[in-house]
Amino acid sequence: MEFILLGFSNVPHLQWVLFIVFLFMYMTILLCNSIIIVLAKTDPALQTPMYFFLSNFCFLEICYVTATIPRMLMDLYTLKGNISVFACAAQIYFVLMLGATECLLLAAMAYDRYVAICHPLQYALLMKNKVCLQLVAASWISGIPVQIWQTYQVFSLHFCASNRIDHFFCDIPPLLKLAYGDTFMNTTAVYVVAVVFVMVPFLLIIVSYIKIICNIMKLSSGKGMAKAFSTCSSHLIVVVLFYGTASITYLQPKQSQSEGMGKLLSLFYTILILALNPIIYTLRNKDIMMALRKLHSKLLIWRENLK
């Protein structure tokens, strides 16, 4: 009727330290991404497809981190890891669905940069509001039926040996290790879904950036090259960090991955990278930094008026 998430029970003396660290990271992720969303919606200079995608990406990051950290904080606080089968299934579904959405959305953002740099004169026509909405909607919706099916397939297995999951959230690789009987079909399904939602968007991103780099190299102006690279560098860093850890987690054979390494990789792509993303996008983006200064000035004026 329930599973037990072992989480970080192997380091009981660090439970409260981890609770404070993860709570701080969670609040930071919520605050930073919310600020970027507000800036993208309110600042006229950021009313472009690039920042429309970025604001959706930030909202996705908030949803993604909320699927894992609050539950983990509760387990650290109560020193218990009991989770019902339904709650475990729901967590797996949301983690997988939001992860698939992130992969597709990163591919849509790469396409946006490709059109902006390789076809600047047609950018307004190719990236109309309708097209942007369709790309975002497709990113959110495409993974829903597949991940419902995959979650159902996992929980149709029998878990007779143990109910102790050596992880800090419900995920498919550690659950398959607890399954009784033949899990070949489920393991194959994980690889197929990972190829479709991880590798295919990743290849599209690679193709987009190959064309972007080829186009940038043709520019005669060094200033133009620097500007073109600066608009893509933040997105490229996020892609490498997210896809690197997610690919190793879901494409590596489960027998060759230790529980400790699985936890570490999951920490990277579910928490640490999500905490770094707003920093990457703000520090390397002059438009957002300028919008932040404007917002800060407005807040100071508003504060003075209140006095």
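In what order do the three strands of the open sheet lie? In this predicted model, the order is S2-S1-S3, and the pairing is mixed.

View 1. Strand S2 (82-84) and strand S3 (164-165) are the edge strands, each of which pairs on one side only. Strand S1 (residues 2-5) is joined to S2 by three bridges, and these two strands run antiparallel; within this pairing, Glu2 is found opposite Ser84 of S2.

**View 2. Helix H4 across the sheet.** Helix H4 lies across S1, S2 and S3, and the helix runs at about 85° to S2. H4 comprises residues 85-118 and supplies 15 residues to the largest nonpolar core, which is the largest share of that core.

**View 3. The nonpolar cores, with Phe22.** The largest nonpolar core has 68 residues, and Phe22 and Leu106 are those with the most contacts inside it. Apart from neighbours within four places in sequence, Phe22 is in contact with Phe8, with Ile69, Met72, Leu73 and Leu76, and with Leu267 and Ile271.

View 4. An unreviewed UniProt entry lists several stretches under "transmembrane region", including residues 90-111 and 131-149. In the model, residues 90-111 are 100% helix and 0% strand, with end C-alpha atoms that lie 32 Å apart. Residues 131-149 are 95% helix and 0% strand, and the end C-alpha atoms of this span lie 28 Å apart.

Technical notes: Residues numbered from 1 in each chain as written. Predicted model: local features only at pLDDT ≥ 70, side-chain atom pairs only at ≥ 80, totals over all residues. Heavy atoms only, no water. UniProt positions renumbered as here; feature names shortened; annotations may be inferred. Helix = DSSP H or I, 4+ residues; strand = E, 2+ residues; numbered from the N terminus. Core = buried A, V, L, I, M, F, W, Y, C linked by side-chain atoms within 4.5 Å. Buried < 20%, exposed > 50% of the residue type's maximum accessible area, 1.4 Å probe, protein only. Contact = heavy atoms within 4.5 Å. Pairing = 2+ DSSP bridges. Axes fitted to C-alpha atoms, helices over the stretch in contact; angles between N-to-C directions.
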